[in-house]
Amino acid sequence: MTLEERSSPILKAFEKAVAWARMNSVWAVHYNSGSCNGCDIELLTTITPRYDVERIGIKLAGSPRHADVLVCTGPVTGQGKDALLRTYEQMPAPKFVVAIGTCALSGGVFEGSYNTYDGIDGLVPVDVYIPGCPPRPEAIINGFAQLLEKVENYA
Ligand code: SF4
């Protein structure tokens with residue numbers, strides 16, 4: 001029996017523990033890439049005690065270096081593009097992206113505008129899309145539940 005085979009049950013248990021910890025402590029960094037603030041207000045409502053997403057382990061982090069998830073609102077403006085890419089690059093792997101609101105999904109009312117990109121998925125890979133203008137906190141929580149499934153199944 002090789003060393004790898006002997007340690008495999010331990011490795012598997014360790015990987016399971018890491019996956020469990022990751023799923024129960026998802027830290028998110030919020031980036032507004034040009035939103036009208038409607039989506040931001042709904043997101044902030046979602047983290048207040050009334051909706052309390054901390055009970056499912058989701059909490060806002062102050063720095064992208066401490067975050068597992070990039071939560072993005074708004075269309076990406078020409079001015080915000082570099083900061084979005086820099087924020088994404090600063091996050092440690094594994095990292096996930098949630099797009100909140102029609103503007104982040106497709107450009108929304110700003111689609112085709114001279115200074116916006118149509119949807120953030122043209123710049124960073126998006127894991128969960130939450131449509132709405134703006135989406136209600138219940139829709140955002142539903143999106144977070146989809147995200148937790150992705151985090152749990154991350155291999
Ligand atoms: S989706 Fe609606 S609420 Fe959200 S940033 Fe765009 S216009 Fe504002």
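## Core, central strand and ligand shell

In this predicted model, Val-71 touches Ala-28, His-30, Leu-43, Val-98 and Ile-100, with residues up to four places away in sequence left out of the count. Val-71 also belongs to the largest nonpolar core, which holds 33 residues. Val-69, Leu-70, Val-71, Cys-72, Val-98, Ala-99 and Ile-100 touch the most other members of this core. Two or more residues of the core come from each of strand 1 (27-32), helix 2 (38-46), strand 3 (69-73), strand 5 (96-100), helix 4 (102-106), strand 7 (128-130) and helix 5 (137-152). Strand 5 gives the largest share, 5 residues.

Strand 5 deserves a separate description. Because 5 of its 5 residues are buried, strand 5 is largely enclosed by the rest of the structure. Phe-96, Val-98 and Ile-100 point one way from the strand, while Val-97 and Ala-99 point the other way. The pairings of strand 5 are set out below.

| Strand pair | Sense | Bridges | A bridged residue pair |
|---|---|---|---|
| Strand 3 and strand 5 | parallel | 5 bridges | Val-69 with Phe-96 |
| Strand 5 and strand 7 | parallel | 3 bridges | Ala-99 with Tyr-129 |

The ligand forms a further topic. It is surrounded by 13 residues, and the closest are Cys-36, Gly-38, Gly-101, Cys-103 and Cys-133. Helix 2 and helix 4 are the elements that give two or more residues to this shell. By residue class, the shell around the ligand consists of 6 nonpolar and 7 polar residues, with no charged ones.

Methods:
Residues are numbered from 1 along each chain as its sequence is written. This is a predicted model: local features need pLDDT of at least 70, side-chain atom pairs count only at pLDDT 80 or more; totals for chains, interfaces and linings use all residues. A nonpolar core is a set of buried Ala, Val, Leu, Ile, Met, Phe, Trp, Tyr and Cys residues joined through C-beta atoms within 7 Å. A residue is buried if 20 or more other C-beta atoms lie within 10 Å of its own, exposed if 12 or fewer, and partly exposed in between; C-beta atoms are placed from the backbone. Helices (H or I, at least four residues) and strands (E, at least two) are DSSP runs, numbered from the N terminus. Two residues are in contact if their C-beta atoms, placed from the backbone, lie within 7 Å. A residue is near a molecule or strand if its C-beta atom, placed from the backbone, lies within 6 Å of it. Ala, Val, Leu, Ile, Met, Phe, Trp, Tyr, Cys and Pro count as nonpolar, Asp, Glu, Lys and Arg as charged, and the others, Gly among them, as polar. Two strands pair if DSSP finds at least two bridges between them.
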